[in-house]
Amino acid sequence: MATPLTADELLRALREEGLTVHEVRDWRHHNRNAKGHWGPLHGVMIHHTVTEGTDSSVELCYDGHPDLPGPLCHGVIDKQGEVHLVGNGRANHAGLGDRDVLEAVINEASELPADNAADTDGNRHFYGFECINLGNGEDPWPEAQKAAIEKVSAAICRAHKWTERSVIGHKEWQPGKVDPRGFPMDGMREAIKRRLAKEPQGTEGTEGTEGDGRPVPPKPQHPPYEPFPGSAFFHSGAKSPVITAMGERLVAEGCGHYEQGPGPEWTEADRTSYAAWQRKLGFRGKDADGVPGKASWERLHVPHS
Ligand SMILES: [Zn+2]
């Protein structure tokens, strides 16, 4: 249960997750609050628009149509993975759904019951995001768009301290609905779970590859951490309290592969442990060879030594 995010809080959460966000017209004051309750919030609901074209889809979701006034959601996720905010408050997206499903979302249960009833007002309790897709099973879902669904969901879950279990598809809520069609919601929740295990991208700057020396945006909010000493620092025979501090952080992150120590001298156990950390962050191949790189180092938060 949660108090709805304010417009500023929602915008900040989305941008911190690394998303490109567009504010459409008067979205901050555009809602259906005069028609019903808004809150407490329990989850995020994902939809597809059954439309094509970004501008016309965003306009439709803002204005709605004679039978169903807008906003039709809170944000539209386009094919490029950019987000267009169209509403802040109650929106016409979820309709009546199954109370048992709402209970499961509130409890973040590991399994959702079948949605076989339409007895509960979903517009009151869910953030809604419409993804531009024809919903015919053939219109592709670009990776950038699916990544944006992950990020939007993760951003809101982070803001409310929810898990991925608070994210559902419209088809899991309301009998007869098929959206979103084209990817499994269980797989999407797994991806959201992995994303929630990491720091948000927008503030940590994890773009780019590990170890290639490309600059990572500075993180002025964490001055007490040891700055990255450069990959060349970690060679056989190198000795420093920084290496001990690094090893202790690796152990704390569940990545320790030490028989003894960690200690100040760079050893194969350090390399194996560091490789486990790189894999935990999602790096693969030579980006997970156990030689520290700037991106993974900054996220390890090694204390000043
Ligand atoms: Zn829908």
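This is a predicted model: local features need pLDDT of at least 70, side-chain atom pairs count only at pLDDT 80 or more; totals for chains, interfaces and linings use all residues.

Residues are numbered from 1 along each chain as its sequence is written, and side-chain values use heavy atoms, with hydrogens and water left out.

Now show the zinc ion. His47 (ND1), His170 (ND1) and Asp179 (OD) coordinate it at 2.0 to 2.1 Å; donors here are N, O and S atoms within 2.8 Å of the metal (3.2 Å for Na, K and Ca), and since water is not among the atoms, sites may look incomplete. The donor spacing in sequence reads H-x122-H-x8-D.

Next stop, the aromatics. Pick Phe228, Phe233, Phe234, Trp266 and Trp297: ring pairs link them into a cluster. A pair means Phe, Tyr or Trp rings (six-membered ring for Trp) with centres within 6.5 Å; planes under 30 degrees apart are stacked, over 60 edge-to-face, the rest tilted. The structure holds 8 aromatic pairs. One of them is Phe234 with Trp266, tilted, at 5.1 Å centre to centre and 55° between the planes. Both of these residues are buried. Phe234 also forms a tilted pair with Trp297, at 5.5 Å and 50°.

Finally, jump to Arg25, which lies over the face of Tyr62, 3.9 Å from the ring centre. The criterion is CZ of Arg or NZ of Lys within 6 Å of the ring centre and within 35 degrees of the ring normal.

Technical notes
Buried means under 20% relative accessible area, exposed over 50%, partly exposed in between (1.4 Å probe, protein chains only).
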